[in-house]
Amino acid sequence: MKKSIQHMGTFFLIATFIFIFESCNKKKESLKIENAWVTESIPGSGINAAYMKITNLSDKDETLLSIDCDNFETAEFHSMTEEGGVMKMNQMDSVLIKPGAAMVFEPGGAHIMLLKSKHDLKAGQKISLNLHFQNAGIKSLTGDVKKIEDEAK
Amino acid sequence: MRKNIFIILSAFFIVTSIANCKKEPPKLDMFPELGGDFTLTDQDGKNFNLKDLRGKAVILFFGYTNCPDVCPITLAKIGAAYKKLGDSADGVKTLFITLDPERDNSQKIKKYLSYFSYGPIGLTGRLEDIVKVTGLFKVLFVKRLTGNTNGYLFDHSTAAFLIDTKGRVRHLFGQNDRADTMATVIKVLLKQG
């Protein structure tokens, strides 16, 4: 009986060590970026939009400073406001995300405008984007190119 | 026996609740202050008059090809509504009128609209002619310089107008209307003729 209690104690001790070790080893992610996608190029437009959801998992304010993508000359953040049936698009220099909050770029709402494309994008392709954050630094991700017609509901 | 009555009553209650939950079909209205015939140039460089589409239901929408978000989404949503309409989509035509005739000539609009499989008609013209048409539909648009490589953009009304077979505005679709709502309203209009 005494022996088995001793065994159990050892077991828990080892388990605790493993747990602590794993916790230290696993760097806590401060950001979660989901559902990144870019619109397929519409001929003659030269402008694409990127959408995604960015959640700030840290306990500090985070700011998205800029986005760059090899295929485009520039990228801008735009917010949309409706005033009396008129949609107003306003450029945002940067995007502040409060701790625990999420910034959602979505069709018909705030979006990332990608300007002056070098090559037309086709649905099914993948495109890499670099997001520059004030605290988290550069986060690189891959977004799917999708037909806007398939995403319109 | 009592138990049976209880079951029947419960079933009746559930059925009526479901029926009540079902949304009222959207109603069509008259907007005598909106609309009217006009002539502009289509994507093939030909004169186009709204009268040419008498007998068809028409969705009319103002935008511009350099619009990054709202215009392509609206055009895509109309496309999704066409799919939901199936065969009856033959009775519907969509007009896309540019607010940016400076950059959107017939050729550019043709190229742009070729992307949308349901064959919307693109219209351009002299700025003063377009301003007249926006006046008919009480559409507001403001050109705004952006200082980026795109040069300028427009703040603009996003309503899409549903016009009946006699050329009268009967419904306004807003930015938040989904494709299935659009299809339902269009079906009601097509039934009425």
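Trainee: In this predicted model, which residue is the bridge partner of Val86(A) in β7(B)?
Mentor: The strands concerned are β5(A) and β7 of chain B, residues 152–157, and they run antiparallel. Two bridges join them. In β7(B), the residue paired with Val86(A) is Ser157(B).

Trainee: Which element gives the largest share of the side of chain A that touches chain B?
Mentor: In total, 27 residues of chain A are in contact with 30 residues of chain B. The elements of chain A that give two or more residues to this side are β2 (47–56), β4 (72–83), β5 (86–92), β8 (111–117) and α2 (148–151). The largest share is five residues, and it comes from β5(A).

Trainee: By class, how many nonpolar residues does the side of chain A that touches chain B have?
Mentor: This side also holds eight polar and seven charged residues. The number of nonpolar residues is twelve.

Trainee: How many bridges join strand β1 of chain A to β10 of chain A?
Mentor: Strand β1(A), residues 31–39, is joined to β2(A) by six bridges, and those two strands run antiparallel. With β10(A), residues 137–146, the sense is parallel. The number of bridges joining β1(A) to β10(A) is three.

Trainee: Which residue does Trp37(A) stand opposite in β10(A)?
Mentor: Trp37(A) has a bridge partner in β2(A) as well, namely Tyr51(A). In β10(A), Trp37(A) stands opposite Asp144(A).

Trainee: How many other C-beta atoms lie within 10 Å in the case of Lys116(A)?
Mentor: Lys116(A) is found in strand β8 of chain A. Phi of Lys116(A) is positive too, near 55 degrees, and this residue is not a glycine. Lys116(A) is partly exposed, and the number of other C-beta atoms within 10 Å is 13.

Trainee: How many strands are there in chain B?
Mentor: From the N terminus on, the elements of chain B follow the order α-β-β-β-α-β-α-β-α-β-β-β-β-α. Five helices are present in chain B. The number of strands is nine.

Trainee: What percentage of the residues of chain B count as buried?
Mentor: Among the contacts in chain B with a separation of 6 or more, 71% are between residues 24 or more positions apart. Chain B has 193 residues, and the share that counts as buried is 40%.

Trainee: Which strands stand at the edges of the open sheet in chain B?
Mentor: The seven strands of this sheet have the order β2-β1-β5-β4-β3-β8-β9, with mixed pairing. An edge strand here has a single partner strand, so one side of it is left without a neighbour in the sheet. Neighbouring strands are turned by 35 degrees against each other on average, direction ignored. The edge strands of chain B are β2 (47–49) and β9 (169–173).

Trainee: Why is α2(B) said to be largely enclosed by the rest of the structure?
Mentor: Helix α2 of chain B, residues 70–85, has 16 residues and reaches 22 Å from its first C-alpha to its last, close to the 22 Å expected. The residue that follows α2(B) is Gly86(B), with a positive phi near 65 degrees. The helix is called largely enclosed because, of its 16 residues, the number buried is 14.

Trainee: Which element gives the most to the largest nonpolar core?
Mentor: This core has 55 residues, and Leu60(B), Ile97(B), Leu162(B) and Ile186(B) touch the most other members. Not counting residues up to four places away in sequence, Ile97(B) touches Leu40(B), Leu60(B), Phe62(B), Leu123(B), Ile130(B) and Val133(B). A second, separate core of 23 residues includes Ala49(A), Ile127(A), Leu131(A) and Phe133(A).

How values were computed
Residues are numbered from 1 along each chain as its sequence is written. Chains are lettered from A and ligands numbered from 1 in the order in which they are written. This is a predicted model: local features need pLDDT of at least 70, side-chain atom pairs count only at pLDDT 80 or more; totals for chains, interfaces and linings use all residues. Two residues are in contact if their C-beta atoms, placed from the backbone, lie within 7 Å. Helices (H or I, at least four residues) and strands (E, at least two) are DSSP runs, numbered from the N terminus. Ala, Val, Leu, Ile, Met, Phe, Trp, Tyr, Cys and Pro count as nonpolar, Asp, Glu, Lys and Arg as charged, and the others, Gly among them, as polar. Two strands pair if DSSP finds at least two bridges between them. The expected span of a helix is 1.5 Å times one less than its number of residues. A residue is buried if 20 or more other C-beta atoms lie within 10 Å of its own, exposed if 12 or fewer, and partly exposed in between; C-beta atoms are placed from the backbone. Axes are lines fitted to C-alpha atoms, for helices over the stretch in contact, and angles run from 0 to 180 degrees between N-to-C directions. A nonpolar core is a set of buried Ala, Val, Leu, Ile, Met, Phe, Trp, Tyr and Cys residues joined through C-beta atoms within 7 Å.
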